[in-house]
Each structure stands twice: as structure tokens, then as C-alpha cells.
Amino acid sequence: MTPVISARDLSVHLDGRRVLHDVNVEIAPGEIVTIVGPNGSGKSTFLRALIGAVPLTSGRVDRAPDLRIGYVPQKLALDATLPITVQRFLSLPHRIGKVEAAEALARAGAPDLATRQLMDLSGGQFQRVLLARALLEKPQLLLLDEATQGLDQPGSAAFYQRIEQVRQEMGCAVVMVSHDLHVVMAASDRVLCLNGHICCQGTPEVVADAPEYRALFGTGTRGALALYRHKHSHSHDHPHDHSHAGTE
Amino acid sequence: MMLDDFMIRAALAGLGVAIAAAPLGCFVVWRRMAYFGEATAHAAVLGVALALALSLPILPAVILAALTMAWAVTLLRGRGYGMDTLLGVMAHTALAAGLVAVSLLSDVRLDLMGFLFGDILAVSKQDLGVIWGGAAAVVALMAWRWSPLLLATLNPDLARAAGIDPRREELWLTLSLALVVAVAIKVVGVLLIAALLVIPAAGARGLVRTPEAMAMGAGAIGGLAALSGLWAAYLFDTPAGPSIVCAASALCLAGMLAGALRGPR
């Protein structure tokens with residue numbers, strides 16, 4: 001299948017420092033890919049390279065013709081001097097009607113927020129509004145940069161279930177960066193382990209067993225992953241092992 | 001005819017500048033560019049000196065100087081100095097060098113106060129045409145680039161993902177700023193142009209819920225300030241430009257108080 005987006009021999013330098021080198025990735029339509037890696041491993045930079053926000057030192061990014069991208073940034077520093085309602089924010093850059101906005105908010109799990117000020121939202125509400133805005137682009141590719149930052153574990157589990165639902169409904173490919181290793185890996189078709197370059201990749205099980213991954217994250221994840229796979233349709237209290245040494 | 005009255009011409013000039021400054025002033029506030037506006041305005045003095053020295057028309061020389069300043073600031077950005085330091089150096093250098101250059105052209109020394117503080121009561125019909133032409137161009141530019149600029153201001157990466165180049169949008173903003181500086185010189189003078197950008201927008205902030213409403217509110221405050229400032233200048237025989245800025249400050253304070261009384265929003 002023709003990939004929606006692909007990176008070939010991609011290298012990026014920021015402020016003279018080599019952040020990414022020799023990255024080769026193809027994203028197929030409809031697949032959910034998670035990028036894991038330690039702090040400073042270039043995860044966010046990789047997503048920003050895909051949207052064209054950082055100059056490439058070498059290599060190239062190829063997009064499918066007229067590719068529509070929905071992007072949810074890691075952090076959006078809101079300036080208190082800029083008054084803006086959720087409805088108006090969703091209408092950037094293209095005007096959308098109230099009905100369409102309400103639909104997108106409902107799909108992102110944030111109904112009834114349209115008239116609120118962006119500044120007044122909680123972290124979780126704001127992430128869902130960002131997701132709603134990304135969905136309004138009717139994306140063929142959804143890029144999420146640590147979208148669950150500031151959410152607790154049940155909150156992020158619910159968020160990823162929503163992403164999977166969105167993928168089923170809209171058929172978009174999803175590439176996400178996350179720190180919630182177990183949760184996110186279980187929700188993925190493929191995991192890329194990034195540390196300047198791609199150390200290893202494959203299904204969540206394959207990556208969790210890979211020596212390169214264990215060198216970065218330790219061995220604790222395997223059991224938690226199995227537990228998660230087993231339990232995640234229930235809403236018991238969370239049996240995850242939080243002592244995953246080496247994660248952030 | 002009506003335009004033969006200098007007070008009418010002054011009022012129309014003030015209104016034109018207030019309307020052009022309103023949407024731009026909002027971006028100056030949102031993007032924390034107040035000192036950038038200041039530096040661009042001060043560079044206009046250099047433009048005036050250049051125009052006098054080479055017997056060029058003042059307007060294009062001022063636009064050129066303002067754009068050059070904006071370009072220089074952009075080049076030096078992110079080279080180890082804080083933006084406020086950089087702008088402090090550039091703004092005051094431009095002002096001082098401009099004043100020195102103008103003084104070397106000794107026959108025009110008398111006009112200096114007019115450039116520094118404006119000379120709105122001496123606005124001619126031709127000046128009025130330039131002011132309203134420039135204001136119309138700025139408002140049209142702002143209306144055209146409004147949504148992409150807004151998105152790029154909120155988050156440059158969101159703009160990128162939507163196929164908008166944030167740096168190109170910044171260029172439109174810079175161009176508008178240079179235009180506003182050029183047309184506002186006659187009205188409030190180089191030293192107070194930045195005030196006309198920042199103060200009405202700041203006054204409108206507490207009263208509104210959307211970016212568009214803030215631009216409208218800034219326009220209303222700016223327009224009202226121009227008219228009441230002129231009236232006060234006439235009544236108390238005070239300089240017109242500073243009187244307009246004082247009126248804007250009073251309205252801004254009223255807006256802030258009203259916003260605070262209505263609670264956070």
C-alpha cells in the first residue's frame with residue numbers, strides 16, 4: 001500500500017546539535033504507530049519534521065498528494081492577552097459551523113465546551129479540544145505529540161481508546177509520541193523506538209523484547225504490557241507496575 | 001467645504017490612524033511585540049533624515065527605514081541576547097542616530113518636534129489622503145491575513161500542519177507595522193506611535209471574548225481617544241499628540257477596571 005507519509009534518510013540538526021540521523025519510516029494508511037524513546041531522543045523533532053516545521057539537514061519527507069494532517073502539539077502556551085473561545089479556535093484557519101464544531105467536540109470527548117474561553121479549560125479538556133480541532137481537518141494522518149501530558153492514567157487510557165475509535169471511524173493513520181509506555185504500546189499496531197535514530201521497531205511485543213529497547217527502558221515493561229492487554233477492557237483500579245526504571 | 005476646517009482634518013486623521021492601529025495593535029499585544037513596534041517607529045527618524053538628506057519624499061523613506069529595522073531585528077534574533085536587550089539597543093540607536101543626522105541638516109532643525117510628537121493640526125488634505133490610503137491598505141491586509149496570522153500567533157506548528165508558513169505571515173505583519181508607522185508620524189509623532197498600538201488593544205482586552213471583538217474594541221477606544229484628545233488639546237491648549245495618548249490611557253484604564261469588575265473571562 002502507498003504510504004501516507006514517509007521519511008527517507010532523514011537527518012535534522014538543531015542549534016548545531018545532531019538530533020535525528022538516518023531515520024527511515026513509512027506510515028501506511030490507517031495504522032497506529034507509536035514512537036517511544038528517552039528525553040531528548042528526537043521524538044517531537046521527528047513529528048515536527050513530518051509537518052515541515054524544522055529544516056532537514058539531509059534526507060526527505062514524502063507526503064501522499066494533498067495529504068491532510070491533523071496535528072496535536074505537545075504544549076500550547078496560551079497567552080492570557082489573547083481572548084478566544086473554543087468555537088473560534090476550532091474555526092482556525094477555516095470557518096466551521098456550530099453543528100460541525102459540536103460534532104468534532106463530541107467525537108473528541110469534549111462536548112459542551114464550545115462557548116468556553118480557551119484559557120479557562122483544564123489540561124484534559126484542552127487536549128480534547130486540540131484533538132477536536134485536528135479531527136476537523138478530516139485528517140488522513142493524525143500526529144499526536146504527548147497528547148496525554150497532564151492526564152492521569154485512567155484519563156490517558158480513555159484518551160487512547162478514543163484515538164483507536166477515531167481511527168476506526170475516520171480511517172486515518174495515527175502517529176503518536178508518548179511516555180505512557182504500557183498504555184500506548186498496547187494501543188499500537190507498530191512501535192518505533194527512537195534514540196536519535198530508530199533503534200528497533202515492530203509490534204509492541206517484539207519491541208518490548210528487543211535488547212535495544214530493554215537497554216533504554218529496562219525489562220519491567222513486558223509484564224505490565226501483558227497485564228494491560230489482559231485487563232484493559234475493565235475499569236478496575238490499575239494493576240500497572242509503576243516502577244519501570246529508566247522511563248521518564 | 002468641510003475639509004477646509006483644520007479641526008475636521010485633524011479628527012479624520014486621528015480616526016484613520018486609530019482604525020489602522022487597532023487590528024495591528026492586537027497582534028502587537030498578543031505576540032509581545034510592543035518593543036518591536038517601538039524600535040520600528042524610532043527607525044522612522046532615520047528615514048526622515050535620509051529623506052531630507054537626499055531630497056526624497058518622506059513616506060517611502062520612512063517605510064524603508066521601518067522595514068530595514070524589522071529585518072535587522074529578525075536577523076539578530078536568537079543570537080544569545082534577550083529580545084528586550086536587542087530591541088533596546090536597536091530602538092535607541094535608531095532614534096539617537098536619526099536625531100544626530102537630522103541636526104546635521106541644520107536648515108530643517110525646526111521641524112524636528114513635529115516628527116517626534118506629531119503635528120496633527122497641520123494635516124493637509126494631501127496628508128489626509130495618504131493617511132486614509134495607508135489605513136485602508138493596513139486594514140485590508142489584516143482582514144485578508146487575519147485567520148492564518150491568528151493561528152500562527154497561537155502556535156506556529158499548528159499553522160505549519162495546516163499548510164501555513166508562519167514566517168511569511170510575520171512578514172505581512174511587519175509590512176503593516178511599517179505602513180502604520182509611516183502614516184501615524186504626522187498624527188502622534190515617532191515617540192508615541194507604539195502607544196497608539198498598545199494602549200487601545202490593552203484597554204479592550206478585559207471587555208471581550210474573541211480576537212475580532214478585541215480588534216473592534218481597540219478601534220473604538222482609539223477613535224474615541226483621538227476625538228476626545230483633540231477636543232482636550234483645543235480646550236486646554238495642550239499639544240495634540242500627547243493629549244490623544246493621554247485620552248487613550250484614560251480609556252484604557254476605564255476598560256481595565258470595567259473588565260476587572262466583570263470578573264475573569
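In this predicted model, B:Arg145 lies over the face of B:Trp144, 4.5 Å from the ring centre. Chain A has an arrangement of this kind too: A:Arg133 lies over the face of A:Phe89, at 5.8 Å from the ring centre.

Rings also pair with rings. A pair of aromatic rings is described by the distance of the centres and the angle of the planes. Over all chains, the count comes to 5 aromatic pairs. One of them joins B:Phe27 and B:Trp30, with ring centres 5.1 Å apart and planes at 80°. Planes over 60 degrees apart count as edge-to-face, so this pair is edge-to-face. B:Phe27 and B:Trp30 both belong to helix α1 of chain B, which covers residues 6-30. They stand 3 residues apart, about one turn of the helix. Both are buried.

B:Phe27 has a further partner, B:Trp146. This pair is edge-to-face as well, at 5.1 Å centre to centre and 70° between the planes. It links distant parts of the chain. B:Phe27 sits in helix α1, while B:Trp146 sits in helix α6 (residues 125-154), 119 residues apart. B:Phe27 and B:Trp146 are both buried. Through these ring pairs, B:Phe27, B:Trp30 and B:Trp146 form a cluster.

Beyond its neighbours within four places in sequence, B:Pro200 is in contact with B:Ala195, B:Ala218, B:Ile221 and B:Gly222. B:Pro200 and B:Gly255 are 55 residues apart in sequence, yet their C-alpha atoms are 9.1 Å apart in space.

Pockets come next. Rolling a probe the size of a water molecule over the atoms shows where empty space is left. The largest pocket has a volume of about 840 Å³. Its lining holds 30 residues. Nearest its centre lie B:Arg31, B:Met33, B:Arg77, B:Met83 and B:Glu170. Helices α2, α3, α4, α6 and α8 of chain B each give two or more residues to this lining. The largest share, 7 residues, comes from α8(B). By class, the lining divides into 20 nonpolar, 3 polar and 7 charged residues.

The second largest pocket has a volume of about 410 Å³. It is lined by 16 residues, with B:Ile58, B:Phe115, B:Asp127, B:Ile185 and B:Lys186 closest to its centre. Two or more lining residues come from each of α3, α5, α6 and α8 of chain B. This lining has 9 nonpolar, 3 polar and 4 charged residues.

Methods
Residues numbered from 1 in each chain as written. Chains lettered and ligands numbered in written order. Predicted model: local features only at pLDDT ≥ 70, side-chain atom pairs only at ≥ 80, totals over all residues. Heavy atoms only, no water. Contact = heavy atoms within 4.5 Å. Phe/Tyr/Trp six-rings, centres within 6.5 Å; stacked < 30°, edge-to-face > 60°. Helix = DSSP H or I, 4+ residues; strand = E, 2+ residues; numbered from the N terminus. Buried < 20%, exposed > 50% of the residue type's maximum accessible area, 1.4 Å probe, protein only. Lys NZ or Arg CZ within 6 Å of the ring centre and 35° of its normal. 1 Å grid on protein atoms, 1.4 Å probe; cavity = no way out; pocket = protein on both sides within 12 Å on 5 of 7 lines; lining within 4 Å. Points joined across faces, edges and corners; volume = space filled by probe spheres on them. Nonpolar A, V, L, I, M, F, W, Y, C, P; charged D, E, K, R; others polar.
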